[in-house]
Amino acid sequence: MDFPSATPAISLEAPADIAQREALLDLSFGRAARLAKTSERLREGRLPAEGLAFAAHGPDGRLVGTLRLWHVTAGPARPALLLGPLAVHPWFRDRGLGGALMASAINEAARLGHGAIMLVGDAPYYARFGFSSAPTGELWLPGPFDRARFLALELKPGALAGAKGLVSATGEAVASPSLSELVARDTAGEFKRSA
Ligand SMILES: CC(C)(COP(=O)(O)OP(=O)(O)OC[C@H]1O[C@@H](n2cnc3c(N)ncnc32)[C@H](O)[C@@H]1OP(=O)(O)O)[C@@H](O)C(=O)NCCC(=O)NCCS
């Protein structure tokens with residue numbers, strides 16, 4: 001008899017995952033804290049990099065892990081990716097799922113030809129995947145950050161050699177509704193709240 005696998009399956013994120021992803025991130029980081037992060041300044045209003053947003057689903061289909069990568073430039077004209085947030089549901093932690101999401105992201109980014117991945121996170125966790133603060137020494141983020149947590153991994157040797165300056169978002173902007181669309185939605189009562 002076949003039993004369903006208890007190992008969460010990793011796939012590309014689908015639109016149907018978004019609400020559960022938001023809830024998992026709120027649970028893992030706290031909503032206000034996560035939206036206040038400097039890395040968030042490089043993600044807000046942007047779409048994640050094509051083919052580089054991952055979701056893990058448990059045996060019952062619920063989302064239990066998330067990881068996304070974002071287009072940035074590491075100083076002028078130096079394309080790179082920013083990784084994060086990475087989160088695994090507390091019930092599924094310490095079983096290798098975070099590592100499996102990281103492996104999927106790194107392998108796929110390399111396969112797609114990207115040169116480097118940067119992130120802000122706990123060095124003791126990310127060191128096992130090859131991340132260190134050495135390549136980011138002369139880079140700056142658009143807000144307060146702890147240099148010891150500003151890490152990078154070169155997928156192509158030398159991809160960040162000499163990288164200097166401000167890291168900026170370069171990802172595709174999320175389409176915002178036009179004024180006429182907002183007026184139509186307001187007229188339809190979409191924005192009215194019941195007392
Ligand atoms: C960090 C996180 C994604 C790891 O997911 P996971 O599925 O438990 O990871 P894995 O099972 O692949 O790895 C577990 C190992 O990482 C270690 N680890 C987990 N978080 C760590 C951290 N912040 N610093 C150092 N080591 C850490 C565990 O102690 C464990 O070590 P072991 O292999 O020696 O036993 C998960 O704990 C999580 O979602 N945390 C809350 C959100 C968060 O902090 N995200 C990362 C932002 S820096």
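## Terms and model

Helices (H or I, at least four residues) and strands (E, at least two) are DSSP runs, numbered from the N terminus. This is a predicted model, in which local features need pLDDT of at least 70, side-chain atom pairs count only at pLDDT 80 or more, and totals for chains, interfaces and linings use all residues. Residues are numbered from 1 along each chain as its sequence is written.

## Overall layout

The protein has 5 helices and 8 strands. Their order along the sequence is β-α-α-β-β-β-α-β-α-β-β-β-α. The C-alpha trace spans about 55 × 55 × 30 Å along its principal axes.

Of the 195 residues, 29% count as buried. A residue is buried if 20 or more other C-beta atoms lie within 10 Å of its own, exposed if 12 or fewer, and partly exposed in between, with C-beta atoms placed from the backbone. Two residues are in contact if their C-beta atoms, placed from the backbone, lie within 7 Å. Among contacts between residues at least 6 apart in sequence, 73% join residues at least 24 apart.

## Strand 3 and its partners

Two strands pair if DSSP finds at least two bridges between them. Strand 3 runs antiparallel to strand 2 (residues 53-57), with 5 bridges joining the two. Here Ala-53 is opposite Arg-68 of strand 3. The hairpin of strand 2 and strand 3 has 5 residues between the strands, and Gly-61 takes a positive phi near 90° there.

Strand 3 also pairs with strand 4 in the antiparallel sense, over 8 bridges. Leu-69 has Leu-83 in strand 4 as its bridge partner. These two strands form a hairpin with 4 residues between them, where Gly-75 in the turn has a positive phi of about 80°. A further antiparallel pairing, of 3 bridges, joins strand 3 to strand 8 (residues 165-169). In that pairing Val-72 stands opposite Ala-169.

## Nonpolar core

A nonpolar core is a set of buried Ala, Val, Leu, Ile, Met, Phe, Trp, Tyr and Cys residues joined through C-beta atoms within 7 Å. The largest one has 43 residues, and those with the most contacts inside it are Leu-69, Leu-81, Ala-105, Ile-117 and Met-118. Two or more residues each come from strand 2, strand 3, strand 4, helix 3, strand 5 (116-120) and strand 7 (150-154).

Beyond its neighbours within four places in sequence, Ile-117 is in contact with residues including Leu-69, Leu-81, Leu-83, Ile-106 and Leu-153.

## Surroundings of the ligand

The ligand is surrounded by 16 residues, the closest being Arg-93, Gly-98, Gly-99, Gly-121 and Tyr-125. Helix 1 (18-29), strand 4 (79-88), helix 3 (97-111) and helix 4 (123-126) each give two or more residues to this shell.

## Backbone exceptions

Most residues other than glycine have a negative phi, and most peptide bonds are trans. The bond from Gly-84 to Pro-85 is cis, with omega near -10°, and Pro-85 is found in strand 4.

Ala-77 is not a glycine but has a positive phi of about 50°. Ala-77 lies in the loop between strand 3 and strand 4 and is exposed, with 7 other C-beta atoms within 10 Å. Asp-94 has a positive phi near 60°. Asp-94 sits in the loop between strand 4 and helix 3 and counts as exposed, with 8 C-beta neighbours inside 10 Å.

Methods
A residue is near a molecule or strand if its C-beta atom, placed from the backbone, lies within 6 Å of it.
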